[in-house]
Amino acid sequence: MKATAGVDWCEVVDALAEKHDRKPHALMGILQDLQMEYGHVCPDAQIEVALALGISPTHVSDVISFYHFLCSEPKGQYVVWLCQTISCDMADKDQIAKALSDELGISFGETTGDGLFTLEYTNCMGMCDQAPAMLVNDEVHVSLTPDSAREIIAGYRREGGLG
Amino acid sequence: MNEQVREIGTQIKVTINGEEYTARRGSTVLEICEDNGIPIPTLCAHDDLKPAGICRICVVDINGGWNLETACTWEVHDPDTVITTHSPRIRRARRAILELLLAEHCGECYTCIRGGNCELEDLAEIYGVRDLRFEREDPRFEPDTSSVSIYRDMDKCIQCRRCVRACDELQAVGALGVFGRGPESRVDTFEGMSFDEAVCTNCGQCVAHCPTGALQEIDHTRAVWAAIEDPEKHVVVQTAPAIRAAIGEEFGLPPGTSVTGRMTTALRDLGFDRVFDTNFAADLTILEEGTELLLRLQAALVEGKDVKLPQITSCSPGWIKYIELFYPDLVDHLSTCKSPQQMFGALMKSFYAEEQGIDPEKMVTVSLMPCTAKKFEAQRPEMADSGHQDVDYVLTTREMAQMIKEAGIPFTQLKDSQYDEPFGDASGAALIFGATGGVMEAALRTAYEIVTGREVPFENLNITATRGFEGFKTGSIVLEDVLDEWSFLEGVELKFGIAHGLANAHEVMERLRRGEMDDVHFIEIMACPGGCLGGGGQPIPTTDVIRQARANAIYSEDEGLPIRKSHENPHVNYLYEHYLTDGPCGHRSHELLHTEYTPRGFRLKK
Amino acid sequence: MGAQMVLGPYTPGAAIDAALKMKRSDVVVTVRESGLRGRGGAGFPTGTKWMLAAAATGDEKYVVCNADEGEPGTFKDRVLLSDHADLVFDGMAVCAYAIGARKGFVYLRGEYRYLLADLEATLERMREENRLGKSIAGKDGFDFDIEIRLGSGAYVCGEESALIESLEGRRGEPRIRPPFPVSAGYLGRPTAVNNVETFALASRIMEKGAEWFSEIGTDESAGYKLFSVSGDCENPGVYELPMGTSINELLTTVGAEDAVAVQVGGASGEMVTRDAFNRRLAFEDVATGGSVIVFGPERNLLDVLENFMDFFTDESCGQCTPCRLGIRRLLNGVRDLKKGALSADDLKMLRGLSKSVAISSKCGLGQSCDTPFASILDAHLKGVAQ
């Protein structure tokens, strides 16, 4: 994940508009790329997207606010999305939630002090046959146990620490 | 589908509640019911806006389907359509929707500016809501008082999105959007900015389209009461042309009732020391702005200078903020003339104060405007050329009506009276400033005569090409047999354009940027649909039918006035002879009557 | 698991080759005759949809594959896209040929982004094999390509008009209908939106013929169906079974003989209790996009209902009043009921509210809330589980 400080958003967004198109229908693609690259879409970037696509900045930010996987405020380098819907819930997702919360020392909706992890719930992610499941950024982890959840976090911590 | 399109407009028979009706194919169930006097409750529907079908209060039964459909969106194409507008399940669904909205709607109705004119309150009355089955929700928002024009109390918002749609569809501003989703969704600005920081033109179309009191003007009535009641203050009021054709609606008169004489009486009764007509300054604007145009044409055609053409009008403060925000590189196209409100204010605390021997410090200048953006304009820092804030307070039509009611003045029964001198008489040309195209028509009446020495060649001086509600109108007038001093204009076809509503202004500016306006000399742009008569400070509701009625009132009053051309206003001529002695666009008028603009853009300030 | 007719071996390109041997109109006729109905859950006849899209006028037409599989308990599209992408993409090409589209989109839910690289590789291979691109399979004038667009976490985008809104760069809020996407869809042009499984089945129908499909299943619900089974069972997973299979048969197949209730069709579906396990999984009986969630005797069904109402509250787009504000009231009511703090009158009022929300909401999300609300409440009150 890249830092946002000092980024020339005009240039960044221009390149993305070139890739996706300079029309409103390119909005989701551009926002998703920014989200992947920078972990969020900051207001300055949103304004450049609006200018590039000929739409209002308000439109850009209201679209971001609609989709769970887009955000305008920074989150952790790794966003842990634990599925809370029925099959995962029945497979004791609460135990996984507790393990994650204890391991990271944060509640759901919070980010660790080192900026490495954010804990979030998500709705059914289509892994019901291998419940409970979670996404970490876009990587899927299934058939979780409290132990495996802790190990997975440890793995990312090592990776993030190195990066 | 294609067959349906071809058939739109033909008459078909439909059944509503067991009765047969004839309807225009392709019209909505709501339109058919309205035409036939069948009541359908609505909240998100507005004649100015595209149907959204989101509040769902207008649900009806179509052909006995398992679910209900919204009357506002359902177009009738099938001649056999059977519509039911009341049944137990319809009543229950509507009542559930209404109670859900009421439980979320926080605020005391008796302190609400829209008390008595609130669409939600009206429905609560019709449905006899005495208590709610749902627990009331807690307030979620702090009121936003940051803007100098518009006050937001989002706890009163019912999320009909009429403000969002007006801001997008009519105004192409996009100041407002919907954020979040589900029960957490809310109407808000970019990144939740306060309204003063948001990309907002202050036009007030959001206010004019709000069914409740969630959006309203920033109140100036209390300050004006204080000024009127202060014996030390000399309080003058100016009234914009569009008020007289609309304020009667606040007192139950039909739209299009001209109440000029009653309004001046009411203002005097209210305690204003002088009641003046902004139209005086509108006449002045025509002389200044017309002269500016002729000077620009001279510079371009004779001196080959790089002056910006087309020249674009600058009377509408919503439009000014729009161009400053969205086309900051093109502000040089704007006429440097202040709006009539601000010209008037500057003269009030200079010329008038000097003539009357009044200390400008003890003067309070109030203007009565159909507009919320005028509140913003009045407090722009550069609007103090008299050495004081030129205009102290701006009241909307609605605010003024409320004050008249509060004072207990029997408005409809009042006798007519005249405006006070020395700014009493004004021309019909100034009066039509209130309608889209009016500034252009007034300017042409004067400019043509200055250049040719003859009246404009139209019957009764009515330049019909400038009239009507088409989004962007163009026209031209050929200058022939011009006077010697204007010989460079001989044979020139003066091309003009007129736009109203910022969405149309947006189209004009995009075309201008593409070079498609290079042969046009003069463009009038008004921020609000219909011009000032449809302003954001006018009585609610405002719709096209009401705009047309107000326009008719303005144009017929113009025809009845003895003076129809701005350059024949004797007070304006007196002013140029005794005060602005170096003439239109001269040094003194530049100091007092002209201004400059702020290229704002909307990138965030670092 | 199951029949392995749809999920069995497939020669990439076979469906396209078979379709190109026919006239465009005959492709539509074949799909109609097969009796295939949309596999997303609503069950609109696919052949009719294609016929309308083919007949609609527009300078461009589009094919959209709805891979926004978000209904709780559904994951069969994930399996199709993971292991049988050729079958799905060939089906899209067949549709393009039938309706005259040159451009297709896969709207892939953000949760499945991890599949993106493989799917892109499949598309690239298809281009190399001339199954996408210009003059596909040597057919002059048949140009078609597919672009994958991602969602970003919004269940409601599975509703086809909301999906199109999202494709166009807006909030995924369902549109006013009519007009339907077949006449005015993406960028206002005719657009055929079909579920992943529908396209896969269209490929099989091209390959094996309409009769092969129509002979399976029931009169109103032809062919095979993929079922995503999860919850209290021995062997959760995707099962391929003929339409019309009874719930009992399915439960036996997946090892859930002690089930007391199943939720068929996900959060927006219906709860069926043990006494009705002889009911059939078909459009004319218990309709489903494929989600089957099994509940054993230990489950508290109010927990299930709370989970679903919470889900809907979270996923409501928020534009229409009954769904935005009504479903949360239902959720609060369930919570009160769990605490024993809901009077009989209040419960009756909530049942009425649920009905009103269903009949007055703008799209399928709000419209379907009463099905789980009423059926799960009934199951709970019957005391079939804990």
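## Ground rules

A polar contact here is a pair of N or O atoms within 3.5 Å; within protein, one must be able to donate a hydrogen and the other to accept it, and residues adjacent in sequence count only if both atoms are side-chain atoms. By that rule, chain C and chain A share 20 residue pairs in polar contact (both at pLDDT 80 or more).

This is a predicted model, where local features need pLDDT of at least 70 and side-chain atom pairs count only at pLDDT 80 or more, while totals for chains, interfaces and linings use all residues. Residues are numbered from 1 along each chain as its sequence is written, chains are lettered from A and ligands numbered from 1 in the order in which they are written, and side-chain values use heavy atoms, with hydrogens and water left out.

## Where chain C meets chain A

Contact (heavy atoms within 4.5 Å) involves 49 residues of chain C and 33 residues of chain A. Together the two chains bury about 3,100 Å², with 57% of it on carbon and sulfur atoms; buried area is the accessible area (1.4 Å probe) that two parts lose on being put together, summed over both. On the chain C side, C:Arg113, C:Ser152 and C:Arg171 lose the most area to chain A, together 21% of what that side buries.

One salt bridge turns up across this interface, meaning a side-chain nitrogen of Lys or Arg within 4 Å of a carboxyl oxygen of Asp or Glu. The partners are C:Arg78 and A:Asp129, at 3.0 Å from N to O. As for secondary structure (helices are DSSP runs of H or I, at least four residues, and strands runs of E, at least two, numbered from the N terminus), the elements giving two or more residues to this side of chain C include β3 (145-150) and α7 (160-167). The largest share, six residues, comes from α11(C).

## Inside chain C

C:Lys225 and C:Glu197 meet through their side chains in a salt bridge at 2.7 Å, N to O. Nine residue pairs are in polar contact across the interface of domain 1 and domain 2 of chain C (both at pLDDT 80 or more).

## Charged links to chain B

C:Arg324 forms a salt bridge with B:Glu104, their closest N and O atoms being 3.3 Å apart. The pair joins two chains because C:Arg324 lies in helix α12 (residues 321-338) of chain C and B:Glu104 in helix α3 (residues 88-104) of chain B. Buried means under 20% relative accessible area, exposed over 50% and partly exposed in between (1.4 Å probe, protein chains only). C:Arg324 counts as buried at 0%, and so does B:Glu104 at 7%.

Another salt bridge pairs C:Arg329 with B:Glu137 at 2.9 Å, N to O. This pair also crosses between chains, running from helix α12 of chain C to the loop between α4 (119-126) and β6 (150-152) of chain B. C:Arg329 is buried, with a relative accessible area of 11%.
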